[in-house]
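Please open the model in your viewer and keep the selection tool at hand. We will go from stop to stop, with a word on what to look for at each.

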Amino acid sequence: MSDIKIIVDTGADIPPETADKYNIGIISFLSLFGEKQYVQGKDITNSEFFDMLESFDGFPTTSQTPYADMYDYFKKECEEHESVIYFALSGVASGQYQTANLVKSEIEEENPEADFHVVDSQKFSLYIAQTAVHAAQMAQAGKSVEEIIEECEKYIKTWRCYLLVDTLKYLEKGGRLSKAAAFVGTMLDIKPILTIEHGLVESLDKLRGKKKLIDKLIEKVGEDSDLDTENVKFLIVQSDEKKGNEAREKLQEIYGEDCIEMYGEFGPLIGTHVGRGALAIIPRIKQ
């Protein structure tokens with residue numbers, strides 16, 4: 001088995017038990033509520049974050065891992081492993097990828113033997129988590145770093161996100177949606193279905209009304225002509241456990257008990273923009 005350490009950041013929303021199972025490292029972004037700063041995954045739990053988000057008089061922000069902390073973390077991992085692969089949050093949406101490359105250059109200048117690779121996932125959340133698991137499995141099977149990166153850059157594109165949010169206000173406050181679009185959507189009960197393309201959140205479709213939204217979303221997913229019907233698999237990520245469990249049960253009723261590849265919850269990084277009550281169904285698609 002190759003000694004290859006796989007690392008993600010808290011933007012991957014990887015379930016802790018999955019990270020432990022595959023020995024996947026996690027580097028943390030920061031959440032800022034005014035002048036108060038919290039290290040995601042350490043200083044604040046997901047539940048605590050959403051409670052604070054709803055009660056905070058203002059809009060919290062997120063910040064990439066401080067340079068010195070990132071340097072110390074990756075330097076240690078490079079010293080302890082033959083190779084390190086970091087699947088970073090979308091470089092278009094965050095400066096984390098660029099900062100990681102600066103750290104990479106400094107580490108390699110000090111230690112030319114370090115084999116450190118920074119990969120721009122161009123995605124968010126369980127897209128990255130599931131790809132990290134795929135990479136860890138390949139490493140366990142003895143695949144080379146080059147083989148893992150090449151395969152994973154293809155693999156991450158074999159999933160498509162269908163995201164519903166309970167409220168549009170966080171997308172609006174975070175600059176992901178115009179005030180006019182948020183106002184019209186709220187007044188007309190229009191729920192945009194969002195996806196991830198070109199490293200950013202984009203509109204995919206829309207639903208109307210407030211009733212049976214999960215049924216409607218699952219119906220939309222089932223209508224996707226690219227759905228891999230020969231091996232139907234889904235990732236589910238939520239900031240409302242009730243909705244997540246309902247979606248999981250309904251998908252299993254339709255596609256079988258083994259159709260859920262990974263189930264997780266939105267953490268503070270993505271949660272800042274989607275708020276409590278969000279649900280994403282991410283099906284495997286044909287390539």
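A residue counts as buried under 20% relative accessible area, as exposed over 50%, and as partly exposed in between. Please keep in mind that this is a predicted model.

**Start with Asn23**

Select Asn23, in the loop between H1 and strand S2 (25–27). Is Asn23 buried, partly exposed or exposed? Its relative accessibility is 48%, so Asn23 counts as partly exposed. Now check the backbone: phi of Asn23 is near 55 degrees, a positive value in a residue other than glycine. Most residues other than glycine have a negative phi.

**On to Asp13**

Next, pick Asp13, which sits in the loop between strand S1 (4–9) and helix H1 (16–21). Here too the residue is not a glycine, and phi is positive, at about 55 degrees. Asp13 has a relative accessible area of 6%, so this residue is buried.

**Zoom out**

Show the whole chain as a cartoon. You can look for 11 helices and 13 strands. Along the principal axes, the C-alpha atoms fill a box of roughly 60 × 50 × 30 Å. What radius of gyration does the chain have? The value is 19 Å, which agrees with the figure near 19 Å for a compact globule of 287 residues. Of those 287 residues, 51% count as buried.

**A tour of salt bridges**

Side chains of opposite charge can pair when their charged atoms come close. In the whole structure, a search finds 12 salt bridges, and the next stops visit some of them.

Select Lys154 and Glu150. Their side chains meet in a salt bridge, with 4.0 Å from N to O. Both residues belong to helix H6 (residues 145–155), where they are four residues apart, about one turn of the helix. Lys154 counts as exposed, with 51% relative accessibility.

Now select Lys243 together with Asp166. This salt bridge has its closest N and O atoms 3.3 Å apart. Lys243 is in helix H10 and Asp166 is in the loop between strand S8 (162–164) and helix H7 (169–173), so the pair ties together parts that are 77 residues apart in sequence. Lys243 counts as partly exposed at 22% relative accessibility, and Asp166 is partly exposed as well, with a relative accessible area of 43%.

Move on to Lys233 and Glu261, whose side chains form a salt bridge of 3.9 Å, N to O. This pair links distant parts of the chain, 28 residues apart: Lys233 is in the loop between helix H9 (213–222) and strand S11 (234–238), while Glu261 is in strand S12. Which of the two is buried, and which is partly exposed? Lys233 counts as buried at 17% relative accessibility, and Glu261 counts as partly exposed at 38%.

For the next stop, select Asp51, Glu54 and Arg276 together. Salt bridges that share partners join these residues into one network.

**Finish at a charged patch**

Finally, switch to a surface view and select Glu249, Glu253, Glu257 and Asp258. Together, Glu249, Glu253, Glu257 and Asp258 form a negative surface patch. Pick out Glu257, which you will find in the loop between helix H10 (241–255) and strand S12 (260–265). Glu257 has 61% relative accessibility; the cut-off for exposed is over 50%, so Glu257 counts as exposed.

How values were computed: Residues are numbered from 1 along each chain as its sequence is written. This is a predicted model: local features need pLDDT of at least 70, side-chain atom pairs count only at pLDDT 80 or more; totals for chains, interfaces and linings use all residues. Side-chain values use heavy atoms; hydrogens and water are left out. Patches are made of residues with over 30% relative accessible area and no salt bridge: like charges are joined within 9 Å, nonpolar side chains (Val, Leu, Ile, Met, Phe, Trp, Tyr) within 5 Å. Accessible areas come from the Shrake-Rupley method with a 1.4 Å probe; for residues, only the protein chains shown count as cover. Lys and Arg count as positive and Asp and Glu as negative; His and the chain ends are not counted. The place of a charge is taken as NZ of Lys, CZ of Arg, CG of Asp or CD of Glu. Helices (H or I, at least four residues) and strands (E, at least two) are DSSP runs, numbered from the N terminus. Buried means under 20% relative accessible area, exposed over 50%, partly exposed in between (1.4 Å probe, protein chains only). The radius of gyration is taken over C-alpha atoms; the globule rule is 2.2 Å times the number of residues to the power 0.38.
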